[in-house]
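This report covers a nonpolar core and the helix packing around it. The sequence and model follow.

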Amino acid sequence: MHLTAQQKEIVNNTKKFVEKRKTRFPKGEDMLSHNKNVEKFAVEIYQGYKNIKIFPLILAAHLHDIGLSESSDHEKHAAIGYDMTKKYLRKYNFITSDQIELVALCALNHRGDKKTKRSIEEKIISSAAAMDFIDRSLFLFTEKCKHNKYNDSVAWIQKILNKIMTRIELPEARKIIKPKYNAAKRIFELENI
Ligand SMILES: [Fe+2]
């Protein structure tokens with residue numbers, strides 16, 4: 001992964017920008033770990049697409065859920081994130097308006113809206129965000145159990161795991177996460193016995 005010194009500085013500033021808003025995110029959402037993992041998965045998927053730029057992808061990994069710091073509503077936060085991302089990135093003259101729009105669209109469509117025609121970068125971010133959920137499903141389940149009844153928590157994780165693979169539309173991404181998805185499915189099906 002190659003970033004210029006200037007790009008690295010903007011990525012670091014962006015991480016700090018998200019970290020400053022840490023306490024505003026909904027309880028139980030460890031946004032910094034989520035973003036870090038989304039970046040990791042986005043970079044992995046990116047290896048299969050040499051004609052796209054890594055810089056907007058990295059920015060999108062850290063900004064895609066920024067709307068959650070203003071609204072815990074899972075439907076609204078993506079649209080809020082689109083506006084916040086644009087406003088935040090506009091302060092960097094170095095970033096082109098096309099790149100800003102692309103990163104903001106990654107925030108807007110990171111929930112995998114299949115009706116909208118989306119760029120490969122948007123698909124990478126929505127896939128990576130879903131992959132992180134699968135990757136950390138055991139941890140998220142444990143967290144859920146702290147504030148909810150055990151049976152409700154099992155039903156919650158099963159429901160999400162059953163639908164989340166449909167959000168991972170890129171074959172490369174599915175291939176990367178499939179072993180973990182299968183493991184998670186086995187674990188949570190066993191809980192039903
Ligand atoms: Fe989100």
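Among the 40 residues of the largest nonpolar core, those that touch the most other members are Ala 42, Ala 60, Ala 107, Ile 125, Ala 128 and Met 131. A nonpolar core here is a set of buried Ala, Val, Leu, Ile, Met, Phe, Trp, Tyr and Cys residues joined through C-beta atoms within 7 Å. At least two residues of this core come from each of H2 (31-46), H3 (54-63), H4 (77-89), H5, H6, H7 (137-147) and H9 (171-190). H6 gives the most, with eight residues. Helices (H or I, at least four residues) are DSSP runs, numbered from the N terminus.

The model is predicted: local features need pLDDT of at least 70, side-chain atom pairs count only at pLDDT 80 or more, and totals for chains, interfaces and linings use all residues. Residue numbers start from 1 along each chain as its sequence is written.

Ile 125 lies in helix H6. Ile 125 counts as buried because it has 30 C-beta neighbours inside 10 Å; the cut-offs are 20 or more other C-beta atoms within 10 Å for buried and 12 or fewer for exposed, with partly exposed in between, and C-beta atoms are placed from the backbone. Leaving out residues up to four places away in sequence, Ile 125 touches Val 38, Ala 42, Ala 60, Ala 61, His 64, Cys 106 and His 110. Contact means that the C-beta atoms of two residues lie within 7 Å. Ile 125 and Ala 61 are 64 residues apart along the chain, and their C-alpha atoms are separated by 6.5 Å.

Two packed helices are described by the angle between their axes and the distance between the axes. Axes are lines fitted to C-alpha atoms over the stretch in contact, and angles run from 0 to 180 degrees between N-to-C directions.

| Helix pair | Axes come within | Crossing angle |
|---|---|---|
| H5 (97-108) and H6 (120-135) | 9 Å | roughly 40 degrees |
| H2 and H3 | 8 Å | roughly 150 degrees |

H2 is therefore roughly antiparallel to H3, whereas H5 and H6 are oblique to each other. Angles under 35 degrees count as roughly parallel, over 145 as roughly antiparallel, 65 to 115 as roughly perpendicular and the rest as oblique.

The H5 and H6 crossing is right-handed, that is, the near helix is turned clockwise from the far one by less than a right angle. Leu 102, Leu 105 and Cys 106 of H5 make the contact with Glu 121, Glu 122 and Ile 125 of H6.

H2 also passes H3 in a right-handed crossing. Here Asn 35, Val 38, Glu 39, Ala 42 and Tyr 46 in H2 meet Ile 54, Leu 57, Ile 58, Ala 61 and His 62 in H3.
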